[in-house]
Every structure is written in structure tokens, then in C-alpha cells.
Amino acid sequence: MLFIVLAIGVFLIVFATTKFKLHPFLSLLLGTLFVGFASGMPLDRIVENINGGFSGLMTSIGLVIVFGTIIGTILEKVGAALRMAEVVLRIVGPKRPQLAMSMIGFIVSIPVFCDSGFVILSSLRKALSRRAKVAVASMSVALATGLYATHTLVPPTPGPIAAAGISERMDT
């Protein structure tokens, strides 16, 4: 039963964001409230769990998200994101914007966590999508593919290093 409640909560989040154009944060909040109430949790525990989850997220990656969003907005407002998009499209060709976005993600994810890279490159993704006249969703998938491929497969990146560290601790 809890799985069904969770599935309905996820559907509610997607539906509220896409159909009602509700801000994603508010959609997530509504979804968590629904799951909490539908699972029989008391209101004080729901609020406590939401606060705990949100503060845990903000503690681990909050500043990166805030600064990444600020950098992305500045890049978009001054036209730097569009200029970068033009340069990358010139290199790989105007008919392959997804490849360009994936390559950018691949390179950026070497020194940066992939989720941070997605936030930082979000404005570039939008600019490249607009410039190449392709769907933003396809550019999002291309960016995520490049970011996660590096993050999970290339050894100097944080993901494989963490996996190696965990493996080493388990051996001893």
C-alpha cells in the first residue's frame, strides 16, 4: 500500500509541475505532504521529516546549488551562455547540439560533482537549446549523460574515488 501512495505522490509532483505550472519546490512540498498524510503520519512528524530532509540537503550541497544558480543566471543575463553555446556548436557542428551538450557535461564533471555541474550548466543548456532550436528535454538528457558518464566512470572524479575508498575499507 505504501508503494502505491508513493507512486501517487510522484505522479502528483509531476502533474502539479507540468499541468498547473507550479514551481517544482512547491510541487515537491505538496507531494511530500500528500505521502505523509496518506501513509498515516501525524502532522508534527511530517513537518519534522520535511525539515530534516531539507536541512540535510542544504547542509551537504546547498551552497553549491545557490552559487551554481547565481553563476548560471549571470552567464545567461550577460549573454555568456549563448556565446559559449555558439562556440561549441561551431566546433561540433550545428546539427549535433546534443553531442555538444554531452561533451561539455563530460568535461565539467571531472572536477565537479555531476549534480552541481547540472545546476551550473543549466543556463548553457537552455541557451544551446534555444540556439539550436531543439527540445530542452533532449538537451537535459544529453547533459545528464555527459555528466554522469564522467562521474561514474572516470577515476579522478569523485564517484569512482569514493567507490574505491569504500571498497578499500571493506577489504580491511
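## Lys133, out in the open

In this predicted model, Lys133 is exposed, because its relative accessible area of 73% lies above the 50% cut-off for that label. To find Lys133 on your screen, look in the loop between helix H7 (122-132) and helix H8 (136-153).

Pro97 brings us to helix H5, which covers residues 97-108. Its 12 residues reach 17 Å from the first C-alpha to the last, close to the 16 Å expected at 1.5 Å a residue.

Which residues of H5 are buried? They are Pro97, Ala100, Met101, Ser102, Ile104 and Gly105. As a reminder when you look at such a list, an α-helix has 3.6 residues a turn, so residues three or four places apart point the same way.

## How H1 and H2 pack

Now turn to helix H1 (residues 2-18) and helix H2 (residues 24-38), whose axes are 8 Å apart and meet at an angle of about 155°. That angle is over the 145 degree cut-off, and the two helices are therefore roughly antiparallel to each other. Their crossing is right-handed.

On the H1 side, the contact is made by Val5, Leu6, Ile8, Gly9, Leu12, Ile13, Ala16 and Thr17. H2 contributes Pro24, Ser27, Leu28, Leu30, Gly31, Phe34, Val35 and Ala38. By type, the residues of this contact divide into 12 nonpolar and 4 polar, with no charged ones.

Note on methods. Residues numbered from 1 in each chain as written. Predicted model: local features only at pLDDT ≥ 70, side-chain atom pairs only at ≥ 80, totals over all residues. Heavy atoms only, no water. Helix = DSSP H or I, 4+ residues; strand = E, 2+ residues; numbered from the N terminus. Expected span 1.5 Å × (residues − 1). Buried < 20%, exposed > 50% of the residue type's maximum accessible area, 1.4 Å probe, protein only. Axes fitted to C-alpha atoms, helices over the stretch in contact; angles between N-to-C directions. Parallel < 35°, antiparallel > 145°, perpendicular 65-115°, else oblique. Left-handed = near helix turned anticlockwise from the far one by under 90°. Contact = heavy atoms within 4.5 Å. Nonpolar A, V, L, I, M, F, W, Y, C, P; charged D, E, K, R; others polar.
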